[in-house]
Amino acid sequence: MITIYHYLLLGAVLFSIGLYGAVSKKNAIAVLMGIELMLNSVNINLVAFNRFLTPDAVTGFIFTIFVIVVAAAEVAVALALVVKVYRERLTSNVDEIDWLKW
Amino acid sequence: MAEYYLLGVEIATALLGLILLVMGLLVPKTHNKGIANIAIIGFIAIFGVNFLYAGTNASFLNGMYLIDPFSLFFKGLLLIAVFFTCLISKDYILEQGYGQGEYYSLVTFATLGMMIMVSAGDLITFYLGLELNTIAFVILVAFRKNCAKSTEAGIKYVLLSAMSSAVLLYGLSLVYGATKSVLLTEIAKIINQQGIQPLLLIGMIFTLAGFGFKVSAVPFHMWSPDVYEGAPTPITGFMSVASKAAAFAIFVRFFMIALAPVQETWVIVITALTVLTLVLGNLVAIPQTNIKRMLAYSSVGQAGFILLGMVAFSKLGVAAIMFHSLLYVFANMGAFGVATVVGKSIGSDQIKDYQGLWKRSPLMAAVMLICLLSLAGIPPLAGFVSKFYLFTAVIEQGHIWLAFIAIGMSMVSVYYYLIVAKAMYLGQPEEGAEPIKVPGSVQLALALCLIVLVFFGVYPTPFTNLVLDVATAFFPF
């Protein structure tokens, strides 16, 4: 029997993996992938809460759709910037993007 | 029946953004100098529209969107900030030579996103507004095409803000799970009934981390100096005042309304955040040599002062937050207006290049001095009054030690602000340095900042009454 706890656990694990990927990966695109994982864990949480706690309402589902749409828009801007950085410096390694520091 | 007239300000802003975008595409490049003027006039008109709603206290779509005095006050603040930004940007963007329409329409959409944020009555609306303003700001930060630093600032901002949004969203999803609602007022009711649960507590901490990023509170401030340095200077000014004020508005609304029943729990975390922000923000500002980085750390420090109002958790605290955020707009826009012109004409943002500025441009040196002194909180300028209210608010609640730290850090801030003043007034300009020509629109902006800072410092009563009224309607304790 799959309960809400299984979904929440999956969400938490996915969030942790995403966070780890986002802070440990060197390639900017891999960092973005980590962030996408984090957002997907949020979606799993929202859908699970909606399904198990308030099966008659759709608030969580709507929230999820908004998160998916906004994440797509954000990634479009981020990838454009990655391409631009790559053209300027021939690298997309976030450790080498370090001209701004004190 | 939905009452769409309540959304007048937002609809007008969205229309202005679309008009500017279309004009940027249709008008030939040789004739598009007037787009800035249209934006400026448009924002003045929208500010007027905002006044028509004064006294409204209504909600739209069953509480998803709130048009109350608090949100109207912050919308007015955002419109003032964007008005100054357009004035300062006018010649800056003309000299860039591209993207007139895109620039002003993005600025408008960023403003729209922040308006949605300050009016949000539920978590979904708040998230949408937040992302609308963040995405618009990312593009604006990376707007200098030929400058690698600008792109770098943009990519840092988009990666870090996406990560912080994900953390914030995770927190919001847990808050939704713990309370089964996304409406702020409903959340407060349900927490009142069922008390605090572990799920809510974790959600609250994640949310706090997300908000901490948006208002650049230590230890979530790492992005702000880099992004502030790389962004076009008018955008730096706009971000430091408007995006911070909008984030504080929803921060205050979320924690003081939705999470009010568990105030004893979050106040501990926010107090720790306040102390860290005050101490680190102000101390790290001292060794900075770049004026934009110095102002970035000073804005981190200012976020610490505004957080004092949240720790107070009282009517006076909310009033002081509003007072300080509004005066911060004038002081910071003035300082960044000067930094824009100096940076453009000297080609450097180093503090040492401000040597002898008073000989090269007395107006700019005077405005910079007044703005910095106001930020430091020296009487008789307006910054003194607003800091006075913030400190009073925390002392009233018995946190005297916190007020001591804040006053100490306020003195530290005087030191690094006066480093700039010393360079401007005591240093000698280089041999053969020409006087700097200040564009007319920037002169207007600087003069307005100067008048407001001095006027509200000498005679703050009408304004104090206004913010106290708004705070009473918002937080009647």
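Helix α6(B) gives the most to the lining of the largest pocket, with five residues. Helices here are DSSP runs of H or I with at least four residues, and strands are runs of E with at least two; both are numbered from the N terminus. The model is predicted: local features need pLDDT of at least 70, side-chain atom pairs count only at pLDDT 80 or more, and totals for chains, interfaces and linings use all residues. Residues are numbered from 1 along each chain as its sequence is written, chains are lettered from A and ligands numbered from 1 in the order in which they are written, and side-chain values use heavy atoms, with hydrogens and water left out.

Empty space was searched next. Rolling a probe the size of a water molecule over the atoms shows where such space is left. The search uses a 1 Å grid over the protein atoms alone. A pocket is an open set of points with protein on both sides within 12 Å along at least five of seven lines. A cavity is a set of points where a 1.4 Å probe fits but cannot get out. Lining residues have an atom within 4 Å of a point. Grid points are joined across faces, edges and corners, and a volume is the space filled by probe spheres set on the points.

The largest pocket holds about 560 Å³ of space. It is lined by 25 residues, and those closest to its centre are Lys156(B), Leu160(B), Met222(B), Trp223(B) and Asp226(B). Two chains take part in this lining. By class, the lining has 17 nonpolar, one polar and seven charged residues. Nonpolar means Ala, Val, Leu, Ile, Met, Phe, Trp, Tyr, Cys and Pro; charged means Asp, Glu, Lys and Arg; the others, Gly among them, count as polar.

The second largest pocket has a volume of about 480 Å³. Its lining has 18 residues, of which Phe51(B), Leu72(B), Phe73(B), Gly76(B) and Leu466(B) lie nearest the centre. The elements of chain B that give two or more residues are α2 (35-52), α3 (69-96), α13 (315-346), α18 (440-458) and α19 (461-474). Of these, α3(B) gives the most, with six residues. This lining has 15 nonpolar, three polar and no charged residues.

Three cavities of 30 Å³ or more were found in the whole structure. The largest cavity has a volume of about 80 Å³. Its lining includes Met117(B), Tyr157(B), Lys214(B) and Trp223(B). Helices α5, α8 and α10 (233-258) of chain B each give two or more residues. The most come from α5(B), with three residues. The lining divides into six nonpolar, three polar and one charged.

The two chains also touch. The contact (heavy atoms within 4.5 Å) takes 45 residues from chain B and 44 residues from chain A. About 3800 Å² is buried between them, and carbon and sulfur atoms give 79% of that area. Buried area is the accessible area (1.4 Å probe) that two parts lose on being put together, summed over both. One salt bridge crosses the interface. A salt bridge is a side-chain nitrogen of Lys or Arg within 4 Å of a carboxyl oxygen of Asp or Glu. The partners are Glu152(B) and Arg89(A), at 2.9 Å, N to O. On the side of chain B that touches chain A, α5 (123-141), α6 (148-179), α8 (198-214) and α9 (223-230) of chain B each give two or more residues. Here α6(B) gives the most, with 23 residues. This side divides into 27 nonpolar, eight polar and ten charged residues.

Over all chains, the count comes to twelve salt bridges. One of them joins the side chains of Lys26(A) and Asp95(A), at 3.1 Å, N to O. Lys26(A) lies in the loop between α1 and α2 (28-53) of chain A and Asp95(A) in the segment after α3 (59-89) of chain A, so this pair ties together parts that are 69 residues apart in sequence.

Some backbone details complete the picture. A cis peptide bond joins Val218(B) and Pro219(B), with omega about 10°. Pro219(B) sits in the loop between α8 and α9 of chain B. Another cis peptide bond joins Pro379(B) and Pro380(B), also with omega about 10°. Pro380(B) is in the loop between α15 (362-376) and α16 (382-396) of chain B.
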